Amino acid sequence: QVQLVESGGGLVQPGGSLRLSCAASESIFSILDMGWYRQAPGKQRDLVAVITRGGSTHYADSVKGRFTISRDNAKNTGYLQLNSLKPEDTAVYYCKGDLAPPYIHREYWGQGTQVTVSS
């Protein structure tokens, strides 16, 4: 079973930056599509950004130009760089790995890391 472990969350002032990491327990990471999601209190979990195993990226409109998703397959680790943070970015951030076709579909979730943007 692949395990994903997020780190890098914390408290930051508006306009600040954080870098989140998602470390996978196995080298299967290189064939996973990786996504970052976030969930604020009382709200649903929403997609923030995705990077495919081929390196294509997609961002939610609310974070375009501020957040950057990347991956380092040699380290089995994905990243989310958060810049120009706003209070509305406050949420628990989760990473997700998707094993997509031609493989049998499976999903792997991390436990989440809290990001709080406040002055």
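Two strands are said to pair if DSSP finds at least two bridges between them, the strands (E, at least two residues) being DSSP runs numbered from the N terminus, as are helices (H or I, at least four residues). In the structure described here, which is a predicted model, local features need pLDDT of at least 70 and side-chain atom pairs count only at pLDDT 80 or more, while totals for chains, interfaces and linings use all residues. Residues are numbered from 1 along each chain as its sequence is written, and side-chain values use heavy atoms, with hydrogens and water left out.

Four strands form an open sheet with antiparallel pairing, in the order β1-β3-β8-β7. Its edge strands, each of which pairs on one side only, are β1 (4-7) and β7. From one strand to the next, the twist averages 15°; axes here are lines fitted to C-alpha atoms (for helices, over the stretch in contact), and angles run from 0 to 180 degrees between N-to-C directions. Within the sheet, strand β3 (residues 18-24) is joined to β8 by six bridges in the antiparallel sense. Leu18 has Leu82 in β8 as its bridge partner.

Strand β3 also takes part in a covalent link. The count of disulfides (pairs of cysteine sulfur atoms within 2.5 Å) comes to one. This disulfide is formed by Cys22 and Cys95, with the sulfur atoms 2.1 Å apart. Distant parts of the chain are linked in this way, since Cys22 is in strand β3 and Cys95 in strand β9, 73 residues apart. The link of Cys22 and Cys95 is right-handed, with 60° about the S-S bond. Both Cys22 and Cys95 are buried, where buried means under 20% relative accessible area, exposed means over 50%, and partly exposed lies in between (1.4 Å probe, protein chains only).

Charged side chains form further links. With a salt bridge taken as a side-chain nitrogen of Lys or Arg within 4 Å of a carboxyl oxygen of Asp or Glu, the count comes to five salt bridges. One of them joins Asp89 to Arg38, with the closest N and O atoms 2.9 Å apart. Because Asp89 lies in the loop between β8 (77-82) and β9 (91-99) and Arg38 in strand β4 (residues 32-39), this pair ties together parts that are 51 residues apart in sequence. Arg38 and Asp89 are both buried, and the relative accessible area of Asp89 is 0%. A network of salt bridges links Arg38, Arg66 and Asp89.

Arg66 is placed in the loop between β6 (57-59) and β7 (67-72). Arg66 counts as buried because its relative accessible area is 11%. The C-alpha atoms of Arg66 and Asp89 are separated by 11 Å, and the two residues are 23 residues apart along the chain. When neighbours within four places in sequence are left aside, Arg66 is in contact (heavy atoms within 4.5 Å) with Gln81, Leu82, Asn83, Ser84, Leu85, Lys86 and Asp89.

Two other salt bridges were identified. Lys96 and Asp98 meet through their side chains at 3.4 Å, N to O, and both residues are buried. Lys64 and Asp61 meet at 3.2 Å, N to O. Asp61 counts as exposed because its relative accessibility is 65%.

Some backbone angles were also examined. Most residues other than glycine have a negative phi, and most peptide bonds are trans. Ser84, found in the loop between β8 and β9, is a residue other than glycine with a positive phi, near 50°. At 39% relative accessibility, Ser84 counts as partly exposed. Asn76, which is not a glycine either, has a positive phi of about 55°. Asn76 lies in the loop between β7 and β8 and is buried, with a relative accessible area of 17%. The peptide bond from Pro101 to Pro102 is cis, with omega near 15°. Pro102 is found in the loop between β9 and β10 (106-109).
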